[in-house]
Amino acid sequence: MPPIPRRSLLKAAAVAGAAAQFSWALGARNAAATPRAEAADADPVTLDWLEDGGLGAAPGSTVGVPWPKGAHREGQTFALTDADGASVPVQSWPIAYWPDGSLKWTAHAVSSGSGTLTLTAGTPAEPEKKVTVARRGGTVDVSTGVITARIGTSGATLVKSVSRGPREIARNGRLVLLRQPEVEDGDQTTVRTERFDGAISEVTVEQEGPVRAVVRIDGRHRKGSRSWLPFSIRLYFYAGADSFRMVHTVTYDGTQEPGKASGDFVRGIGVRFGVPMRDESYDRHIRIGGEGTGLLREAVKGITGLRRDPGTAVQQAQFEGRKLPDPATWDQRVTTRLQYIPEWGDYTLSQLSADGFALRKRTKKGHGWIGAGGGRRASGFGYVGGVSGGLSFGLRDFWEKFPAQLDIRDAHTDEAEVTLWLWSPEAQPMDLRFYHDGMGQDTFPEQLEGLNITYEDHEPGFGTPYGIARTSELLFWANASTPGADELARQAEAVRVLPQLAAPPRQLIRAKVFGAGLFSEPDRSTPAKARIEDHLDFLFTYYKDQVEMRRWYGFWDYGDIMHTYDAVRHQWRYDVGGYAWDNSELSPDLWLWYAYLRSGRADIFRFAEAMTRHTGEVDVYHLGKWAGLGTRHGVQHWADSAKQQRIANTTYRRYYYFLTADERVGDLMHANVDSDETFLALDPLRKIRTEPYTPDRHALSIGFGTDWSGLVSAWLTEWERKGPKWEKARARVLSTMETIAAQPNGFVQGSGLYDLDTGKFAVAGTPKVEVSHLSAVFGLNELCAELVDLVDMPEFEEAYYDYCRYFNATKAEQAARYGSHFGSLILFQGHSRLDAFAAVRTGDEKLAERAWEKFYDSDGYKESAPWRTEKVSGPTALVAGSEATWVSTNDTALYGLAAIENLALLGDRMP
């Protein structure tokens, strides 16, 4: 598609750091929540696992379940049963409310289950072994009934010990950061690094059982007087589990300047534990995951393959990880020479790309390494211990988020050391410097000329990584003995694909969440419907395949997709300004989530999950003057100078949060509640304004499309969750809805002057027409579909329906209604879903006809498109694969959402 118009392109909110508390006023008396619903049908809900195998070796799973308005009041308890009717212990809590106070979403934690589970109102069964939390002096002690973790509350030790019964399995769990102060591009370098340790600043117990406990640890990495790289760790414990989960978030707040070799270059980010080693060295075992469930299975002192044979039973026992018979019973030619068999204390598996890992070992520090194998993609799983107990560990998305590494050190001593490196110290240092020197784009006119050639909106100093974040997930098992091969395989599988319980699409549809009527289950009952379903399947499969073919992997990149294809080079435009990484442009996040909501497909869920983890962390600033703003699409995720509310949009996080109750995503949504305050920090139209403007807290220029949709999604979510600022958030929702509706031209007015203290837009004295093709394509329609059901405000409904009626109308119709037409617009296919929504809400048959007309015969993808890929291989392409040169991510997101919503709303009125 052609470059986006400058005004639409650059319009964004500016977000500063932690916002202060302000005075605020409730919305006007005619802006009220819808009245309390009559009691709704609260049928049992059947929950199932996304993938086969149930919970497997994971510690537990938490699922979000929606309820129709009025189905359950606050305080309702829930019971869970398995397929045989047996009670399954469950811990439940509310995560969202309808405006009438009834439960909208509830979260349910389980620590057992392998098949379908049925959730009903009732008294929950309690686990035989409960999770308990005790605060003792300088620790928080969490017991699952099987293992006990002592969590530090100060200092550098996050987890002081993990015990199983009386035996300590792991100790001194801590965070490790390696900083390299300088990088050189030549071939004569001196590499110097320094180590920082995580230092705790705050520990919060967020849940205390009986099925699930959650402990949050916040702090910074510290060495001497310097503290930097803030971290937020959550530890999850489930009843009866011998394992726990860690969610690890780090935010970059260092300095790296383009053109300079010195700076804060991260050389390694790791999580480290000590593991006591009590057994004889021939009864100590190393297990390191290879491809799939493959394992390196060795002992610290191996007694297989020797010149002298200790006996088949002895050898087999060691390979299986069982305690060996007394050496006195072995062939004495082996027993008397045990001291001459090397002890292998150190192992390293490094995954420096998505396509290869290498494994090596050595006897101890100061001695040479020998190769121990390799392959393509390691599972990120390992184990060290012995017949009396040991620690299994794993890093999720190990190869996808390369460079990653697993280290085992000193397994031949009294204490082994395990480090899971989220960024491998063997890789190049983390170089986040902006990728070019500005090329003379020092003034706004020069920058706009640059935009017109590379589609990149450059501004000196804006392409900074300061404040971006990344979240990783780790699992740990405290084993009573070395697990057998089958159990190790189950643990490795849990690391690779964390089991997730899910509510079925029919419950999501019945509850009328995420916009009543916007999605329905796939239906191939007619040829026309079947063709659209085929197209939707094609597009998802194509992008899933492109991730693999184009290797869209890496610590900072995994989860995102590219924006536009270069048919000449047979390559996505990864190096061309705004055509490179997509950064949520036109809402591919929403396309994926609605595709999942209607289908329940695990592969779509996992794709959307990875995108949500990426776009909510990497594409958004969490610290500094732009905290709460996202960055427009570009060659680097932080490169473009358009820092915008539309990319930080809470809408993109809501789906994953409500489906999983993920606390980290909850943090991200809550952090945006005060992002209206940050419009004071940066004028989004600074490059193209022709009239004088100075940001004023009582008169901030904010658009009703991409700006307001981002703001109101954060406010709505805080209100629904009854978060710490929910009353203020509710007031903001109601007051902005009211004052948008009161504008002379409603949404068509385009923007207004917003007062931070009252949360209202000033009502303009004269009408204007200011419509952008971007206004409604960053979640506005999906949000308004929710708002009109939640809030009884007829004026707002009519203002939005009017916008829906006239965007796709003729210029003559627009001018007849508003005095002038909307100018030259695009994205009509994507806006057909607005026609469909308004048609259903108002009963307008002409709108229904136009919805399908614009869907089939405007811009975007047509039925006449190829709807297939073509093979490419060398020397045309770097690697063999496929391409569809006619596919672009903008068109894909818009087609996907329009197809899904039009089918749901008007599937019975197709031409």
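Predicted model: local features only at pLDDT ≥ 70, side-chain atom pairs only at ≥ 80, totals over all residues.

Modeller: Happy to! Let's begin with charge: the protein has 103 positive and 118 negative charges, and their mean positions are 4 Å apart.

Biologist: Thanks. How many helices and strands does the secondary structure come to?

Modeller: The protein has 19 helices and 38 strands.

Biologist: And what about the overall size, say the box that the C-alpha atoms fill?

Modeller: Along the principal axes, that box is roughly 100 × 70 × 55 Å. The radius of gyration is 29 Å, which agrees with the value near 29 Å that a compact globule of 911 residues would have.

Biologist: What share of the residues count as buried?

Modeller: Of the 911 residues, 61% are buried.

Biologist: Let's zoom in. Which residues of helix 2 are buried?

Modeller: Helix 2 covers residues 312–320, and its buried residues are Val-314, Ala-317 and Gln-318. Looking down the axis of helix 2, you'd find these buried residues within an arc of 95°, so they line one face of the helix.

Biologist: Why would residues three or four places apart point the same way?

Modeller: An α-helix has 3.6 residues a turn, so residues with that spacing point the same way.

Biologist: Nice. What do the buried residues of helix 2 pack against?

Modeller: They pack against strand 18 (284–289) and strand 19 (295–299). The face turned away from the buried side carries Thr-312 and Ala-313, which are exposed.

Biologist: And what follows helix 2?

Modeller: Gly-321 does, with a positive phi near 85°.

Biologist: New topic: how many residues of helix 10 are buried?

Modeller: In helix 10 (residues 651–660), 10 of the 10 residues are buried, so this helix is largely enclosed by the rest of the structure. Among them are Arg-653, Arg-654, Tyr-655, Tyr-656 and Tyr-657. Just after helix 10 comes Ala-661, where phi is positive at about 60°.

Biologist: Last one: where is Pro-684 found?

Modeller: Pro-684 sits in the loop between helix 11 (663–671) and strand 33 (700–703).

Biologist: Is Pro-684 buried or exposed?

Modeller: Buried: Pro-684 has 7% relative accessibility, and the cut-off for buried is under 20%. Pro-684 is also 9.2 Å from Ile-702, C-alpha to C-alpha, with the two 18 residues apart in sequence.

Key: Residues numbered from 1 in each chain as written. Heavy atoms only, no water. Helix = DSSP H or I, 4+ residues; strand = E, 2+ residues; numbered from the N terminus. Rg over C-alpha atoms; globule rule 2.2 N^0.38 Å. Buried < 20%, exposed > 50% of the residue type's maximum accessible area, 1.4 Å probe, protein only. Lys, Arg positive; Asp, Glu negative; His and termini not counted. Charge placed at Lys NZ, Arg CZ, Asp CG, Glu CD. Arc of directions from axis to C-beta. Contact = heavy atoms within 4.5 Å.
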